Amino acid sequence: MSPPAPIHDTPILGLTTRPKVGVATEFGNPASFWVEYPSGLVDLTRSAHLVTKEKVKGKSAKQLVVTAGAEDATPPALDGESQWELEVEGGRILRLDRAKTAVVVIDMQNFFLHPDLRQHRKGLECVQPLMKTVPAFRSLGGKVLWVNWGLTDHELTTIPPSLVRGFMKEKDGKPGGGFGSTLPGDFGRLLMRGAYNSELYGPLQGLYEEGKAGGSDVWIHKNRMSGLWGPQSSLDLYLQEEGITTLLFAGVNADQCVLGTVVDAYYRGYDIVVIRDAVATTSPEGGYENMIYNSGNSYGFLTDSSKIVAAAAKA
């Protein structure tokens, strides 16, 4: 496995190089679009198109949204019943649809975090931000999706060789362990469904069970580093069925399973928001920084747990 991550004391670049738009701008297509305003508001709700002057002739004032290209374009009023707003880095505010936004927590499992199995200090530091973020997000009406390794015996026969090899260790010059192997103590078989090592770490397991009972939290199994690989992953099917378009990401490892899922989500057209203080990795310095930098500059946006808690208190 990867060595423990070094301490990061240097500020990490986020969405700092992209200037605000000079005029209201719509991105995307008629079915899936964002609208960004010079004020820094980015509307991800897909509820109000920009409208050109030519298209609004003969319509009443109530039918008008804004005029495309107008520097003083005013966004529609926030619908507090169905929408909320989140501060993100780069001087932006995201307008989000309560029913179409989910938190995706990846691999915060005993196998990756429990001190009896590995030293992952940075990963453990993500626990408290999640303990604050998840209840706050639930109060906003969104779903919390716990996306975790959870293999079946049949899936052990279908995993490609590169992935099998990557999870194996060598002892006395011989390969051993890997998916399905028996771990020490009561941890059970490695990353198999129902095994203790596959449960969420510490208080997170109880947090999930609380949300499951309340109807807000869902456990989703994955069998690759990305939770969205292939044409019909369990996560993608769930998101489509629920009409969810915006994903807030947390978990470990930032530059491996989290990044894999983020990139696949980006390719599929989901909106990406990474929770900076709720992702971590064991990779050498640079792995985390690259994931964070690209999340803010290419894939989408960056925020942190305090901003989510503040948004929930305000909403």
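Modeller: Let's start with one term: buried means under 20% relative accessible area, exposed means over 50%, and partly exposed lies in between (1.4 Å probe, protein chains only). This is a predicted model, where local features need pLDDT of at least 70, side-chain atom pairs count only at pLDDT 80 or more, and totals for chains, interfaces and linings use all residues. Residues are numbered from 1 along each chain as its sequence is written, and side-chain values use heavy atoms, with hydrogens and water left out.

Biologist: Thanks! What percentage of the 315 residues in the protein chain is buried?

Modeller: The chain has 11 helices and 13 strands, taken as DSSP runs numbered from the N terminus (helices: H or I, at least four residues; strands: E, at least two). Of the contacts (heavy atoms within 4.5 Å) with a separation of 6 or more, 68% link residues 24 or more positions apart. Among the 315 residues, the buried share is 51%.

Biologist: Is N110 buried or exposed?

Modeller: N110 sits in helix α2, residues 110–113. Beyond four places in sequence, N110 touches residues including L117, F187, Y196 and L200. Its relative accessibility is 1%, so N110 counts as buried.

Biologist: Which residue in β11 stands opposite V104?

Modeller: Strands pair if DSSP finds at least two bridges between them. Five bridges join β6 to the parallel strand β7 (residues 143–149), with A102 opposite K143. β6 also pairs with β11 in the parallel sense, over six bridges, and there V104 faces F249.

Biologist: How far apart are the C-alpha atoms of A250 and L130?

Modeller: A250 belongs to strand β11 (residues 246–252) and is buried at 0% relative accessible area. Outside four places in sequence, its contacts include V104, I106, L130 and V279. A250 and L130 are 120 residues apart along the chain, yet their C-alpha atoms are separated by 8.1 Å.

Biologist: L130 is in α4, I see. Which helix is α4 roughly parallel to?

Modeller: The axes of α4 (residues 127–139) and α7 (residues 203–214) come within 10 Å and cross at roughly 10 degrees. Angles under 35 degrees count as roughly parallel, over 145 as roughly antiparallel, 65 to 115 as roughly perpendicular and the rest as oblique. Residues of α4 including V127, L130 and M131 meet residues of α7, among them P203, L204 and L207. By its angle, α4 is therefore roughly parallel to α7.

Biologist: Which strands are the edges of the five-strand open sheet?

Modeller: The order is β1-β2-β3-β5-β4, with mixed pairing. Inside it, β3 (residues 41–43) and β5 (residues 92–97) pair in the parallel sense over three bridges, with V42 opposite L94. The edge strands each pair on one side only, and they are β1 (25–28) and β4 (83–88).

Key:
Axes are lines fitted to C-alpha atoms, for helices over the stretch in contact, and angles run from 0 to 180 degrees between N-to-C directions.
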